[in-house]
Amino acid sequence: MAERAARPGPGTAEVFVRAPGAGLAAAALRARGAGPTGAGPVGGRGLCGEPARGFAPPQPGLAAAMIHSLFLINASGDIFLEKHWKSVVSRSVCDYFFEAQERASEAENVPPVIPTPHHYLLSVYRHKIFFVAVIQSEVPPLFVIEFLHRVVDTFQDYFGVCSEVIIKDNVVVVYEVLEEMLDNGFPLATESNILKELIKPPTILRTVVNTITGSTNVGDQLPTGQLSVVPWRRTGVKYTNNEAYFDVIEEIDAIIDKSGSTITAEIQGVIDACVKLTGMPDLTLSFMNPRLLDDVSFHPCVRFKRWESERILSFIPPDGNFRLLSYHVSAQNLVAIPVYVKHNISFRDSSSLGRFEITVGPKQTMGKTVEGVMVTSQMPKSVLNMTLTPSQGTHVFDPVTKLLSWDVGKINPQKLPSLKGSVSLQAGTSKPDENPTINLQFKIQQLAISGLKVNRLDMYGEKYKPFKGIKYMTKAGKFQVRT
Amino acid sequence: MTDSKYFTTTKKGEIFELKAELNSDKKEKKKEAVKKVIASMTVGKDVSALFPDVVNCMQTDNLELKKLVYLYLMNYAKSQPDMAIMAVNTFVKDCEDPNPLIRALAVRTMGCIRVDKITEYLCEPLRKCLKDEDPYVRKTAAVCVAKLHDINAQLVEDQGFLDTLKDLISDSNPMVVANAVAALSEIAESHPSSNLLDLNPQSINKLLTALNECTEWGQIFILDCLANYMPKDDREAQSICERVTPRLSHANSAVVLSAVKVLMKFMEMLSKDLDYYGTLLKKLAPPLVTLLSAEPELQYVALRNINLIVQKRPEILKHEMKVFFVKYNDPIYVKLEKLDIMIRLASQANIAQVLAELKEYATEVDVDFVRKAVRAIGRCAIKVEQSAERCVSTLLDLIQTKVNYVVQEAIVVIKDIFRKYPNKYESVIATLCENLDSLDEPEARAAMIWIVGEYAERIDNADELLESFLEGFHDESTQVQLQLLTAIVKLFLKKPTETQELVQQVLSLATQDSDNPDLRDRGYIYWRLLSTDPVAAKEVVLAEKPLISEETDLIEPTLLDELICYIGTLASVYHKPPSAFVEGSRGVVHKSLPPRTGSSESAESPDTAPSGGPAADQPSVIPTQGDLLGDLLNLDLGPPVSGPPMATSAVQMGAVDLLGDSLMGDESEGMGGSGGSFTPAPSTTAPTNVGAPLGSGLGDLFDLTGGVGTLSGSYVAPKTVWLPAMKAKGLEISGTFSRQVGSISMDLVLTNKALQVMSDFAIQFNRNSFGLAPAAPLQVHAPLAPNQSVEITLPLNTVGSVMKMEPLNNLQVAVKNNIDVFYFSTLYPLHILFVEDGKMERQMFLATWKDIPNENETQFQIKDCSLNADAVSSKLQGSNIFTIAKRNVEGQDMLYQSLKLTNGIWVLAELRIQPSNPSFTLSLKCRAPEVSQYIYQAYETILKN
């Protein structure tokens with residue numbers, strides 16, 4: 001087979017050569033512009049299947065490095081930031097990514113691993129931005145993907161939101177942070193605690209102060225946590241109000257079949273903490289029913305030995321917000337389903353109107369109120385319009401995307417919310433084969449649906465008395481009802 | 001007040017303006033200017049013209065400004081090497097700064113400047129930083145060694161940085177240890193043979209300690225490094241597993257997957273009877289399930305790996321089917337992977353659930369996914385026999401939906417179901433025929449035509465149906481044309497009277513009007529067959545077809561084992577070994593799973609694993625005899641029919657029975673076809689044999705051992721003197737190597753030519769290319785008196801440490817006695833490393849042959865060999881070189897052969913033999929071409945003796 005010979009090799013200085021004076025928009029245009037090679041994709045078969053041929057051989061002679069470069073690409077396919085940790089990789093490498101992007105029907109469907117003749121592109125898609133890492137050799141892909149997610153988390157932590165605008169607005173800080181996070185492709189400092197000591201996050205106040213005093217947002221001291229046994233916590237933390245709050249949040253993922261019986265249901269739980277305590281507190285958290293937690297992932301601060309032997313969480317917490325623990329209650333255990341959906345959806349041939357009727361009601365809620373209920377459903381393409389009346393809340397049907405959404409609000413068990421009406425199909429189409437799946441969102445305060453309960457929280461190592469609080473919440477994760 | 005201001009420019013030319021600002025006296029203005037430069041850089045603008053101006057800003061107390069300049073330098077130094085030198089002084093000075101942050105920053109940045117001239121200046125500061133009192137600087141310096149190695153490997157070696165780096169593995173700070181491991185791994189990757197990460201129980205212990213304390217990323221490096229270690233026994237493997245298990249609860253999925261790799265690999269060494277083995281299996285499931293609740297990108301990688309794990313150890317996730325059920329808003333790449341795993345986990349117990357799900361998926365919107373779901377139903381039918389009927393009825397339901405692509409896909413899989421269960425579901429043919437007109441995809445059309453042809457006798461209007469396809473014959477794709485040709489010929493053979501015209505028509509279409517050589521050839525063959533010998537035609541065309549099974553889509557076991565060693569890497573995502581995409585020049589180290597301690601080659605067969613002690617303790621007389629017989633039987637029965645390990649173990653069991661007392665009759669009948677010369681062997685061994693006096697039976701048996709051994713084992717060279725007496729204070733050692741039934745041994749003769757008695761013998765091997773090591777101590781029972789010799793057979797294994805030797809088959813040996821220690825080296829013939837299950841399946845052989853790049857092929861001449869092809873083949877088989885196929889091309893015999901080395905390297909061979917010419921041509925193809933030469937030597941040795 002013919003070789004794709006025309007590809008420019010890596011490390012060509014080509015990227016930076018462009019007409020002087022051209023602005024940002026031009027750069028963006030160029031990025032999208034089909035480089036010199038519009039040639040066929042590599043291993044075009046399927047989406048993510050094995051590439052058929054032309055597998056990327058790592059450059060011989062060049063030693064392995066973890067992450068070579070990072071490109072940030074927005075939804076319309078413009079590269080708006082690039083960072084190289086080793087030599088410069090031409091941005092034309094992204095052409096392969098664009099090809100994959102074009103092939104995928106939706107942004108979410110772009111495969112996360114794409115081989116090219118000399119590199120691999122590993123990407124994550126978050127906040128409508130693709131974070132594309134370029135690697136050149138055999139590297140654990142999860143390592144790279146985890147790292148990319150960490151980058152996104154860090155941006156979010158620094159700037160509140162992670163968007164193209166905010167990244168461009170803070171491009172220098174972004175660049176400094178990226179440089180701090182990775183050295184030669186090896187992760188260096190990824191704990192936001194440490195990063196914030198090295199590079200101070202921008203705040204309006206600090207920007208003003210910096211401009212006046214000429215001081216800088218780069219810390220000139222070695223972060224204290226960097227090398228201690230508790231790298232996640234800096235020393236010398238001081239608060240006037242000492243408080244420790246824990247949120248137990250559970251999400252139910254479930255698939256319910258037509259008849260209302262559960263096909264699969266599982267709980268993804270997390271305990272998120274907000275700890276603002278002075279000094280070096282040592283906390284223990286114990287549960288009424290720790291046996292529920294047989295599949296857990298801990299924050300590095302948790303002492304695993306203690307958990308193994310006593311089922312107690314013992315840890316020196318990071319400062320501020322962090323995820324202490326995530327857990328998983330598997331499909332094998334019986335998971336309580338807090339809501340049910342009664343549905344009656346029938347399409348007829350385009351001549352007459354179809355019927356649509358759904359009712360939502362509470363099931364096993366332990367007496368708590370189900371609120372924030374939201375029903376969405378992707379209607380078949382042949383649906384032209386829907387004429388519906390809700391008994392409460394508001395509903396919208398978008399005739400272009402065919403997405404029906406109904407903001408229900410609270411469920412009153414005495415008067416169940418329902419949405420009824422008729423469906424009209426496009427003229428000349430036959431009745432759709434597939435029935436729409438209903439997606440459900442809801443929230444239940446003060447309840448962990450798995451039954452998990454915190455027994456007590458104790459603090460050692462410091463003298464003061466902190467405020468403590470535990471909150472529970474259950475939410476729908478991917479909760480789907482087939483009709 | 002945002003950074004976006006750095007992007008605004010005036011028309012006049014920003015470079016010019018920036019230049020002015022960079023040279024400004026005001027600190028603040030300088031900093032702003034550098035920020036603008038950096039901002040331009042991030043969007044890919046070329047600001048290299050400002051190099052000298054930016055470098056001028058480097059000498060500053062302002063850390064932020066310094067960092068920004070460093071950022072700039074890293075990007076552009078390569079394009080301006082001469083000017084980069086200007087920066088060196090500042091770097092060297094910064095490396096002495098009292099602030100560790102600055103020292104680290106300087107050494108880190110210097111390493112990133114990929115300019116040869118700078119590297120010379122880097123050495124001294126780097127050496128200091130590697131020994132810095134501050135661990136932060138040390139850990140940064142460790143990474144810097146890897147960077148420097150990337151730029152100039154020779155320099156790093158000359159300066160001794162590698163040794164310093166190795167010392168850092170014992171550093172007191174876990175972060176330093178982790179970075180040292182990472183750097184060493186990176187360097188080792190470009191020097192696979194260099195043995196940089198010399199792992200031994202002590203260093204492993206240090207790594208395990210650091211594992212608990214270092215950062216999550218460091219844990220990944222350490223775990224990946226641990227996975228390359230080969231524990232010396234199952235106890236060590238278990239203790240490592242115990243210390244790695246807590247990593248399964250880490251929040252970072254990459255840590256979890258690396259831990260899974262270590263466990264999956266070391267588990268191989270644990271006995272299945274062990275309680276701990278069961279515990280470990282149970283512990284593996286939850287973390288794998290948890291990976292599936294992560295972000296979709298992580299899920300994808302996890303699923304690709306789970307796919308491997310499920311094939312290797314289905315028991316881990318057998319109860320977790322439900323987590324693989326597809327949610328309708330999963331990204332398509334996750335959906336497809338989940339589907340694949342669902343089929344792998346499908347069993348009789350859960351098939352109902354699975355089918356219900358698949359049927360649900362078949363009505364989704366995404367066409368790709370729907371197709372794959374329909375295919376999956378077919379695969380379930382083939383995998384789980386009890387479900388076949390249900391699958392067929394599900395497929396029929398789907399056909400009733402009349403959705404075009406669903407129908408076509410369903411027909412394709414129903415064809416497969418027919419092939420798996422012939423004469424069972426033909427009642428559905430009528431329904432299929434109804435949909436004939438809607439088929440527009442070649443694969444579906446071809447499948448339908450195949451069905452019509454195959455069952456022509458039951459379809460009344462088969463001729464009409466096929467005729468209807470014939471009209472547009474030339475517009476069809478090749479696949480359909482070929483299928484149509486065959487189908488019509490089948491039809492003709494079944495109903496000759498009515499279809500003569502049709503067959504004439506198709507034959508002339510195929511042979512006269514077509515440009516496609518495949519089609520033409522097939523047409524001519526049929527034509528000639530039909531015209532010369534209709535009976536033969538019937539036998540050929542209507543021959544019974546081999547059944548298909550689900551194995552077709554399983555990964556081949558040796559590849560699977562290799563991939564298990566690569567869990568969590570790109571290889572595991574692509575299900576290809578790195579050797580398939582890391583091309584030869586870099587010399588890929590093949591990884592293989594460790595052997596289970598206490599069992600021989602066929603670890604899976606239950607009767608060969610007496611738990612505990614190493615293999616070498618076993619060879620008591622009787623079992624050995626059984627094995628030998630087994631091998632003999634194996635030889636007689638010709639090439640094993642199915643997978644080699646299975647066949648061998650089955651025959652072995654038979655042989656053991658044979659030694660018992662009864663079953664004699666059955667067995668010898670089973671051997672009916674065997675060569676006459678061998679038959680006496682088993683009959684004498686059986687105590688019940690006529691005429692053989694019971695008393696001498698055992699004696700005979702021993703006598704036979706030798707004879708049978710030489711016949712069945714591989715070729716053994718005569719002993720040669722390895723260590724002359726004059727070099728070893730009177731001790732003379734001669735010896736040779738042999739391989740018998742899977743065990744390698746070194747046959748030694750020790751002769752005492754000195755005047756004093758020798759005792760206290762011991763032997764040790766240096767590390768060598770294939771990890772050969774003594775499996776038992778050298779046992780010389782009595783002291784060796786002067787002028788006395790003793791013959792010893794020293795069993796060997798291949799689990800020792802590996803180091804590439806030059807030449808490859810060089811073995812350095814140290815022998816000790818009460819007088820001194822002596823060293824000698826010898827070359828072992830490579831054929832002692834050819835394993836018994838080196839027979840590749842035909843399909844596999846073809847695929848592998850194609851897969852290995854042509855540069856890896858080497859040709860050799862074997863001269864003066866007068867054997868014919870069959871003799872060659874059987875002679876080679878005795879040494880575990882297996883003939884897979886034989887072809888006769890223009891009077892030459894072509895033998896296609898495969899063999900496998902103990903470390904899992906496959907070698908494929910093509911041997912060309914011309915009857916009149918005594919020299920053979922041998923072409924070898926191997927992913928590790930450096931072995932080819934030695935394989936050729938082995939061939940020569942075997943064939944000429």
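How are helix 3 of chain A and helix 13 of chain B oriented to each other? They are roughly antiparallel, since angles over 145 degrees count that way and the axes of helix 3 of chain A and helix 13 of chain B cross at roughly 175°. Welcome to this predicted model. The points below start with that helix pair, then visit a helix of chain B and a few loop residues.

**Where the two chains' helices meet**

- From helix 3 of chain A, the residues taking part are A:Phe143, A:Glu146, A:Phe147 and A:Arg150.
- Their partners in helix 13 of chain B are B:Glu216, B:Trp217, B:Ile220 and B:Phe221.
- Sorted by class, this contact holds five nonpolar and three charged residues, with no polar ones.

**Helix 20 of chain B**

- Helix 20 of chain B runs over residues 367–383, which makes 17 residues.
- From its first C-alpha to its last, helix 20 of chain B reaches 24 Å, close to the 24 Å expected at 1.5 Å a residue.
- At the start of helix 20 of chain B, a side-chain oxygen of B:Asp366 comes to within 3.1 Å of the backbone nitrogen of B:Asp368.
- Buried residues in helix 20 of chain B include B:Phe369, B:Val370, B:Ala373, B:Val374, B:Ile377 and B:Ala381.
- An α-helix has 3.6 residues a turn, so residues three or four places apart point the same way.
- The cover over the buried residues of helix 20 of chain B includes helix 18 (332–345), helix 19 (351–361), helix 21 (388–400) and helix 22 of chain B.

**A buried loop residue**

- B:Glu426 sits in the loop between helix 22 (404–420) and helix 23 (429–434) of chain B.
- With a relative accessibility of 8%, B:Glu426 counts as buried.
- Setting aside neighbours within four places in sequence, B:Glu426 is in contact with B:Phe418, B:Tyr455 and B:Arg458.

**Backbone features to look for in loops**

- A:Arg311 is not a glycine, yet it has a positive phi of about 60°.
- You will find A:Arg311 between helix 8 (304–310) and strand 12 (312–315) of chain A, partly exposed with a relative accessible area of 30%.
- B:Asp760, also a residue other than glycine, has a positive phi near 55°.
- The peptide bond from B:Glu806 to B:Pro807 is cis, with omega near -10°.
- B:Pro807 belongs to the loop between strand 6 (789–797) and strand 7 (810–816) of chain B.

How values were computed. Residues are numbered from 1 along each chain as its sequence is written. Chains are lettered from A and ligands numbered from 1 in the order in which they are written. This is a predicted model: local features need pLDDT of at least 70, side-chain atom pairs count only at pLDDT 80 or more; totals for chains, interfaces and linings use all residues. Side-chain values use heavy atoms; hydrogens and water are left out. Axes are lines fitted to C-alpha atoms, for helices over the stretch in contact, and angles run from 0 to 180 degrees between N-to-C directions. Helices (H or I, at least four residues) and strands (E, at least two) are DSSP runs, numbered from the N terminus. Angles under 35 degrees count as roughly parallel, over 145 as roughly antiparallel, 65 to 115 as roughly perpendicular and the rest as oblique. Contact means heavy atoms within 4.5 Å. Ala, Val, Leu, Ile, Met, Phe, Trp, Tyr, Cys and Pro count as nonpolar, Asp, Glu, Lys and Arg as charged, and the others, Gly among them, as polar. Buried means under 20% relative accessible area, exposed over 50%, partly exposed in between (1.4 Å probe, protein chains only). The expected span of a helix is 1.5 Å times one less than its number of residues. A polar contact is a pair of N or O atoms within 3.5 Å; within protein, one must be able to donate a hydrogen and the other to accept it, and residues adjacent in sequence count only if both atoms are side-chain atoms.
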